[in-house]
Amino acid sequence: MGNCQPTILPYEDFDVMADVKAIRKACKGLGTDEKAIIEILANRSAAQRMEIKQAYFDKYDDELVDVLKSELSGNFENAILAMLDPPVVYAVKELRRAMKGAGTDEDVLVEVICTATNADIAMFKECYFQVHERDLESDIEGDTSGDVRNLLMALLQGTRDESYQVDEALAEEDATSLFEAGEGCFGTDESTFSYILASRNYLQLQATFKAYEQLSGTEILDTIENETSGTLKDCYTTLIRVAKNPQLFFARRLNKAMKGAGTDEDTLIRIIVVRSEYDLETIKDMYLEKYDVSLKEAISSECGGDFKRLLLAICH
């Protein structure tokens, strides 16, 4: 969507053996040279980091992940390990983590699935099976229920229209359907909301939201706020915000992760690592525009130590 700028680009003077030796040196002897590790990993693309991982194993017969696990700890360790997976593998590990054990971390499911493109969905399904030997759709079906399950299953079909065509007549029609399914009736007909939000292209949805506001005098997000609750509300809100401006959605997520008491480090890691090669520079712009403070300043005041240094390095 639109103009997306990354913060991490492939390193031009990439020398995989030099990096491997430097990381080896950083982990040898007393103490770990975290700065050297950050300097390398935060300035290499995911593909280059995978090459480093492989070359490290070939040269030292040691898994780089295991070496770093034994040297690092806490959020810094988690973030570094996230960077040593291809982004899609990391994403499916997060999906699995969200569903494992008692209870489900719906926030993660919503964030990952409701922001995904059709191509992302196809990769998630294939990769989830390769990594976990499980079926993503079955797991999500088993871990969710009701309208949320129906919506997530619809999104997992990966059949959203991804063209840039806008059909004004359809926008009017959909706006009327949404109005009749929500404000216009007693109770809310979720299937109408879910169908439209899961299948129309983003520009089409923008036209629909405009038509909806003209028809009802209410902003679509306010209707969602009043008519729905819980995880379903989160799903709809995410889908609407992403259709309007995906990078602003992620800026909001980052802000929420740092607001109030305590910091949600897992969300910071997930968004900053995964979006770094796609649109993190644009997310930074949106963050500054929305909150009048830069993302890097926010991270500086909320995080500490090597974890902070790594996130700032990825943000560039």
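This is a predicted model: local features need pLDDT of at least 70, side-chain atom pairs count only at pLDDT 80 or more; totals for chains, interfaces and linings use all residues.
The largest nonpolar core contains 97 residues. Within this set, the members that touch the most others are Ile80, Ile299, Leu310 and Ile314. Helix H6, spanning residues 87–99, is the greatest contributor to this core and supplies eight residues. In soluble globular proteins, nonpolar side chains tend to be buried together. The surroundings of Leu310 were examined with its neighbours within four places in sequence left aside. On that basis, Leu310 is in contact with Ile38, Ala42, Phe76, Ala79, Ile80 and Met83.

Helices H2 and H5 form a packed pair. Two packed helices are described by the angle between their axes and the distance between the axes. For H2 (residues 34–41) and H5 (residues 74–83), the axes come within 11 Å and cross at roughly 30°. The crossing of H2 and H5 is left-handed. On the H2 side, the residues involved are Glu34, Ile37, Ile38 and Leu41, and these meet Phe76, Ile80 and Met83 of H5. By residue class, the contact of H2 with H5 comprises six nonpolar residues and one charged residue, with no polar residue. Among the residues of this contact, Ile38 in H2 and Phe76, Ile80 and Met83 in H5 are also in contact with Leu310.

The structure holds zero disulfides. A disulfide is a covalent bond between the sulfur atoms of two cysteines. For Cys315, the closest cysteine sulfur is that of Cys303, at 9.8 Å, and this distance is too far for a bond; the cut-off for a disulfide is 2.5 Å. Cys315 is buried, because its relative accessible area is 0%, and the limit for a buried residue is under 20%.

The buried residues of H12 are Glu190, Thr192, Phe193, Ser194, Ile196, Leu197, Ala198 and Ser199. These buried residues pack against five helices, namely H10 (146–155), H11 (168–181), H13 (202–216), H14 (220–227) and H15 (230–244). In H17, the buried residues are Thr267, Leu268, Ile269, Arg270, Ile271, Ile272, Val273 and Arg275.

Methods. Residues are numbered from 1 along each chain as its sequence is written. Side-chain values use heavy atoms; hydrogens and water are left out. A nonpolar core is a set of buried Ala, Val, Leu, Ile, Met, Phe, Trp, Tyr and Cys residues joined through side-chain atoms within 4.5 Å. Buried means under 20% relative accessible area, exposed over 50%, partly exposed in between (1.4 Å probe, protein chains only). Helices (H or I, at least four residues) and strands (E, at least two) are DSSP runs, numbered from the N terminus. Contact means heavy atoms within 4.5 Å. Axes are lines fitted to C-alpha atoms, for helices over the stretch in contact, and angles run from 0 to 180 degrees between N-to-C directions. A crossing is left-handed if the near helix is turned anticlockwise from the far one by less than a right angle, and right-handed if clockwise. Ala, Val, Leu, Ile, Met, Phe, Trp, Tyr, Cys and Pro count as nonpolar, Asp, Glu, Lys and Arg as charged, and the others, Gly among them, as polar.
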